[in-house]
Structure formats: C-alpha cells, structure tokens
Amino acid sequence: MRHDDFVGHMKSCVDQSSPELEDHFKAFCERCSYITINQDAGDDSFVELRKRMESFIEGDEAQNRHFYLALPPNIYVAVSEQLRRNCYSDKGDSQIIIEKPFGHDLESSVDLHKKLEPNWKENEIFRIDHYLGKEMVKNILTLRFGNPMFGALWDCNHIDNIQISMTEDIGTEGRGGYFDDVGIIRDVMQNHLTQLMALTTMERPGSFSAEDLRQEKTRVLRLVPPLETKHTLAGQFVRSGDGKHPGYKDDDDVPEDSRCATFCASVAYVRNARWEGVPFILKSGKALSESKTEIRIQLKDTTDAMLKDTNHNQLIIRIQPHEAVRLKMNAKKPGLELRTVETELDLTYKQTVEDPDIPEAYEALLLDAFKGDYSESVSEQELEASWKIFTPLLHELEGNKDIQPAPYVYGSEGPDGLEDFVASYQFQK
C-alpha cells in the first residue's frame, strides 16, 4: 500500500458531509505518513521508521511516540523489542498499545508480561479492552457512587443475583479457524465480562485516578474463586432450522471433532461481606437470537404479605445497543382493586438526552493513551487475577474429552436447559 492509497482508504471511512469537516480532514491527512515495515528484515525498517518520525520535529524538540500494535499476538514481543531498540523517544514519552488476547491462559499471560518487561515499564504499556471505552461502561461508577439510593442497596442484603451477558446474533462468519483456538471464554468472558463484573462489585476507590481504580478492581477480582464446571453450561451452535445459517462445524477451517464452546454460562461468586452468597451469572454466546450486552441486577423479592404477585425490582444497564438505564418496579394497577403491575423508569440515552454525543470506544481509549491516562488500561495485576478465575475452567473443558458442549440451534436463546440453569441461581425473568 502506498501513502495515497492509505489516505484514500481513510477518506472512504470518514464523514466529510460538510465543508468544515472536509477542511479538518484535509488538515489531518497532511499530518499523516504511511510507511511499510518488514519485521523479518531486522532493524533496517525500524530505523527507517525512526527517521520518518524524526522528520516531523525540528532540532532537539521533544516527541512523544505511541506505537499501536494492531498485530498478531505471536509477534508482539519481537516487534516491541525492535521498537524499543530503534524507535524509543530520547526526549519525550514512549508507549506501546496492545489489545487482547493477553495470553492464552495464566501461564502464557505471565510469560508475555515477563518478555515485555525488560524493554517496557508497566506505565509504558497500555492494554486495551475496548469495552472499557464504551459510554455505558464508563457510566457504571457514576451510577453507583453518584446516587446514594443505589449505594444503600448495593450488597447481598438487598441484591438476589446479577446477570452480566454479552450475546451476538451472528456466528463466526468464516473466522472459525481462529475462533477454534480461542473459544467464547477467552474471546469475551475472561476480559469484557470480567471487567464489567469488577466495575459492578469493586469498593469505592479513593479517587478516579488510574492507580486507585485499578487497585480496587484487582482487589475484588482476587476475591473471586476459580470457576467450576459444575456451575457452567457450555454450548456450540448448529445449523439454523431453516438451513440458511451454517453450524459452527460447517466451517471448513473447524475440525469435525471440535469441542470449542461458542456459548458459555458460568456462575461466579465474590468472597467478601458485601457480596457473600450473591451469584454472578456470566453469559456469552454467538449465533443467538439477538445482539446485546447488559448488566441485570435483580433485587430480593418483597416479604410483605399484604401485596400479592409482585415482581423483583431490577436495575438494567444496557451497554449496547441503545444505551439505557432502566429500573423495573412495582406500582398499583389503576382501578378499584389493590393489584400490582410492573412499571419501568426508562433512561434511554437517545430518547432522554438531546443529540447525545457518544464517542466510539476506541476513540475514547486512544485519547486516554495519548494523554497518559491509564485509568481504563488493564493492569498486569488485573490480568493475572482474571486469568486465575478462568484458567482452571478452560483446562478442564478443553482437557476432559468427556465434556461435550451442548448443541443449540443458530438463532435460538441458547442450549436446552439454559433457562433451568439460570433459574437455579435465583434469576427470574
């Protein structure tokens, strides 16, 4: 790809619907430069990259350098070594930005960190979990600590169970070969859902600084025992009933005997006084009936015998799509009789906030990286704590051939028995 091709590709992806936007984009393109690097050719390409970066400054001017490694994880270490050796800023800050997967299990994650550590300090590594950049995820702590009415109820005395789910209505879409080495637990649960659970359960931090936030998330994740197969339901999608959508094993790159889970529901517990006995139902899957991510907090049922047929109060935080916060509650049904009806307080952003300016997750996270704000970067300690939760389960599911994922039809709610599994942990629709 040449520089002109790169600029043309950017133009096809950027809104230039007004002269002002067109002028801004033109000015932006003038600050861009495209260069091809051959990682296998040794240091020569990286020396050329350094010279290109130096061409943007004059004399001894300081220059901050951020290297976003949108690369296969197996070459993270080699590229990071070459960047450190040839492109590290002598005057200014340097930083590498990496994305999941951060290893394959606890051992490989620790190994990856040890290999990055000699060249890059922890405060020079920005680990992106793009869910931390989503508007409603960033809103969780404000909801919790900015509203005393929620803070007073946020414990095991009032909360019955919490369900954290991320579902997709598409399958692996030709990526079965890659997905078969990863599975739904590594792809979604060990990172995205774990971060949502940490933000939901952590204690109030001393401040919103990166150090305080990441310390509290790490502290609560260390209180979560490893997940167990007896509290887990794994599944794998098969061809849709109408035959229009292929099953997981219909992908030519997926082995016929694959036991890879494309769906998983597992129950976690936090061993502290605040959350003692509260089940956290973590659920994720592909090729399901709808795409959505939400946190559903179900409060304990009323014990007042005066009111009959009441429903659980529920606080629902919809991460995507249609960002919203909804509170389900009981009220008197209009009429002469004393009967209850479920009502809902609904804060759907696009209905209640005029022209909401909701940035893309990567937009927010990359800006934080450039500013040196690590509050939404995943720390090495968080990674280690989360892998300790999931690694024993992964090894058991993958190592025990007697455990087979339950089949479920493409476009369904999930495997048979899912509703009973969830209900066994007090969750009620």
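On a 1 Å grid over the protein atoms alone, a pocket is an open set of points with protein on both sides within 12 Å along at least five of seven lines, whereas a cavity is a set of points where a 1.4 Å probe fits but cannot get out; lining residues have an atom within 4 Å of a point. Grid points are joined across faces, edges and corners, and a volume is the space filled by probe spheres set on the points. The model examined here is predicted, so to speak of local features requires pLDDT of at least 70 and side-chain atom pairs count only at pLDDT 80 or more, while totals for chains, interfaces and linings use all residues. Residues are numbered from 1 along each chain as its sequence is written, and side-chain values use heavy atoms, with hydrogens and water left out.The largest pocket has a volume of about 1600 Å³. Its lining comprises 32 residues, of which Ser33, Met53, His66, Phe67 and Tyr68 are the closest to the centre. Two or more lining residues come from each of α1 (3-13), α3 (44-54), β1 (65-68), α4 (76-86) and α13 (361-371); helices (H or I, at least four residues) and strands (E, at least two) are DSSP runs, numbered from the N terminus. By class, 23 residues of this pocket lining are nonpolar, five are polar and four are charged. In this scheme Ala, Val, Leu, Ile, Met, Phe, Trp, Tyr, Cys and Pro count as nonpolar, Asp, Glu, Lys and Arg as charged, and the others, Gly among them, as polar.

Helix α4, one of the elements that line the pocket, has the buried residues Tyr76, Val77, Val79, Ser80, Gln82, Leu83 and Asn86. Here buried means under 20% relative accessible area, exposed over 50%, and partly exposed in between (1.4 Å probe, protein chains only). These buried residues of α4 pack against α3, β1, β2 and α5, where contact means heavy atoms within 4.5 Å.

Two cavities of 30 Å³ or more are counted. The largest cavity has a volume of about 100 Å³. Among the 14 residues that line the largest cavity, Phe102, Asp129, Gln190, Asn191 and Leu383 are the closest to its centre. Helices α10 and α14 (380-399) are the elements that give two or more residues to this lining, and α10 gives the most, with five residues. The lining of the largest cavity consists of five nonpolar, six polar and three charged residues.

The second largest cavity holds about 60 Å³ of space. Its lining is made up of Ile98, Phe102, Ser109, Leu112, His113, Leu116, Arg127, Glu380 and Leu383.

What is the order of the strands in the open sheet? The nine strands follow the order β11-β10-β9-β8-β4-β7-β6-β5-β12, with mixed pairing; two strands pair if DSSP finds at least two bridges between them. The edges are taken by β11 (340-348) and β12 (406-409), each with a single partner strand, so one side of each is left without a neighbour in the sheet. On average, neighbouring strands are turned by 20 degrees against each other, direction ignored. Axes are lines fitted to C-alpha atoms, for helices over the stretch in contact, and angles run from 0 to 180 degrees between N-to-C directions.

Within this sheet, strands β8 (292-299) and β9 (314-320) pair in the antiparallel sense over six bridges, and Thr293 stands opposite Gln320 in β9.

A few backbone details complete the picture. Most residues other than glycine have a negative phi, and most peptide bonds are trans. A cis peptide bond from Gln320 to Pro321 has omega near -15 degrees, and Pro321 is found in the loop between β9 and β10 (324-332). In the loop between β9 and β10 there is also His322, a non-glycine residue with a positive phi of about 55 degrees; His322 is exposed, at 56% relative accessibility. Lys100 and Pro101 are likewise joined by a cis peptide bond, with omega of about 10 degrees, and Pro101 lies in the loop between β2 (94-99) and α5. Finally, Glu173 is not a glycine but has a positive phi of about 50 degrees. Glu173 sits in the loop between β4 and α9 (176-179) and is exposed, with a relative accessible area of 54%.
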